[in-house]
Every structure is written in structure tokens, then in C-alpha cells.
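Take a look at the sequence and structure first, then we'll go through a pocket and some strand pairing.

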Amino acid sequence: MNQTHRASPVPAAPTPGDDGHYALTTKTHNIKAGPIDVEVYANYGFDSKAVDNDEQLDAWQGGLLLSHTNDSGVNKVILRYSDNSDNSVYNKTNGLTAIYASFEGNYKFTQQAQIEYLLAFHDYDNSKDNTDNRKNYGAIVRPMYFWNDVHSTWLEAGYQRVDYDQGGDNHGWKLTLSQNIAIGMGPEFRPMLRFYVTGGQVDNKRTAKVNGTEDQQLDSLNVGGMFEAWF
């Protein structure tokens, strides 16, 4: 079991360039629970004297990651709870609580045919200002076929629902077909050139209600190329 602690000191007085936001982060990993790998992390955010006393705020965040790996792929469950913050304790919001949960993984039918998938839920609840409170549901599935070490074809389908406390229940979907050319430069650096066509549709009930306009569906079709790399 390995445990890592990172902390930033609190200055006695504001220093040039100090924005006043600090955090203590901890993560415990390499814990084995039978076939399950366990990671636990806890983060605490706070402000220094560089922030006005009336605006200083604390935040904390706790998370759990469970993963299982076998010859066919990997599955992960991520659970996170945040108080006075959402994704990061550096960015604090008074009265905000956020819950995030996801299930993701990949499965190899063969070395050539594989699939990646993600299910996610995000609950954003601000007791001080509920105008942007919402529940976000998302799903992505990406079947992939690798013709050889260089060329592959991916089809990615995504769906999202955002249920606002005020302003409607938005839905959207996207479908992307891409032909990819990988540039072999080692396992730690994998640049890729992608040519793709993407189509999708989303409604704007939230925007329409806020602006007092009529509900509309927005359609999109894009064709292009991009370069990306994994490190």
C-alpha cells in the first residue's frame, strides 16, 4: 500500500502572485480487496490571507475508485462527494454539494475488435443559489476495430440528459465515425491522426426558458481531421 500526501503551505502574509487558494490532497492506492483494486482519496481546500476574510472558504472532497482488470479488459467504478466545490477543491462555491458516480471500462472481443463504454451521473446542488441546480446523466459507447498497428476505425455514440431544477430537461445525442492513423512512437507516447464525421442533435429548453424564447432543436454535422496524442 502506498500513500501520497501533497500540501501547500499557508503564507503568513500575502505574497506577490499569491491568489490565496491552497489545498491538501491525499491518495491511498495499491489496495487489494480480492480481485478488486481500491483507491481512496481525500482533498481539502482553504484560503490564505491573500483572500479577504469575508470571502475565505473551506472545501473538502472524498472519493473512491474500484477497478477490476483481466485478460479481456478493465472495469472501473468511481464515486465522489464534494462540499463547497465540484471537480476541484481549488475552485470553491459556498453552499455547493456535488455527487459524481461513473462506471467505465473496455472489453476486448479479440485483439482487433474492442469496445469502450461509460455511464456517468452528476448531481450539482447549490443551497445558496438554485438557479443552476441540475442532474446530469451521460452514456458513451465506442466500438473499435483495429485493422493493424496503424489503421483503426471507431464508431462513437453518446447521449446526455441534463435535468435542471429550473429551466427544463435537456436532451442531446452525438454519433461520430472516425478513421484513425496511429504513429508508432512507443507505448508512453501515442500520437494519432483522425479523420471524422460527426452528427448530433440537442434541444435548448434551458436556454429558451432563461431567454424567454421558443424551444428549438439544434442539429449539427461536422467533417474534419485532428491530431491528438496520449502521454
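**Pocket and strands at a glance**

The second largest pocket comes in at about 260 Å³. Lining it are 13 residues, and those closest to its centre are Glu104, Gly105, Glu116, Tyr117 and Leu118. Keep in mind that this is a predicted model.

**What lines the pocket**

- Strands E5 (73–85), E6 (92–108), E7 and E8 are the elements that each give two or more residues to the lining of the second largest pocket.
- Sorted by class, that lining splits into five nonpolar, three polar and five charged residues.

- E7 (residues 113–126) pairs with E8 (residues 134–146) in the antiparallel sense, with 12 bridges between them.
- Within that pairing, Ala120 has Gly138 of E8 as its bridge partner.
- E8 is also joined to E9 (residues 151–164), again antiparallel, by 11 bridges.
- Here Ala139 has Tyr159 of E9 as its bridge partner.
- To get from E8 to E9, the chain goes through a hairpin of four residues.

- E10 (residues 169–182) and E11 (residues 190–203) make an antiparallel pair over 11 bridges.
- In this pair, Thr176 sits opposite Thr198 of E11.
- E11 pairs with E12 (residues 217–230) too, in the antiparallel sense and over 14 bridges.
- Tyr196 is the residue standing opposite Gly224 of E12.

**Handy when viewing strands**

- Side chains in a regular strand alternate between the two faces of the sheet.

Notes:
Residues numbered from 1 in each chain as written. Predicted model: local features only at pLDDT ≥ 70, side-chain atom pairs only at ≥ 80, totals over all residues. Heavy atoms only, no water. Pairing = 2+ DSSP bridges. 1 Å grid on protein atoms, 1.4 Å probe; cavity = no way out; pocket = protein on both sides within 12 Å on 5 of 7 lines; lining within 4 Å. Points joined across faces, edges and corners; volume = space filled by probe spheres on them. Nonpolar A, V, L, I, M, F, W, Y, C, P; charged D, E, K, R; others polar.
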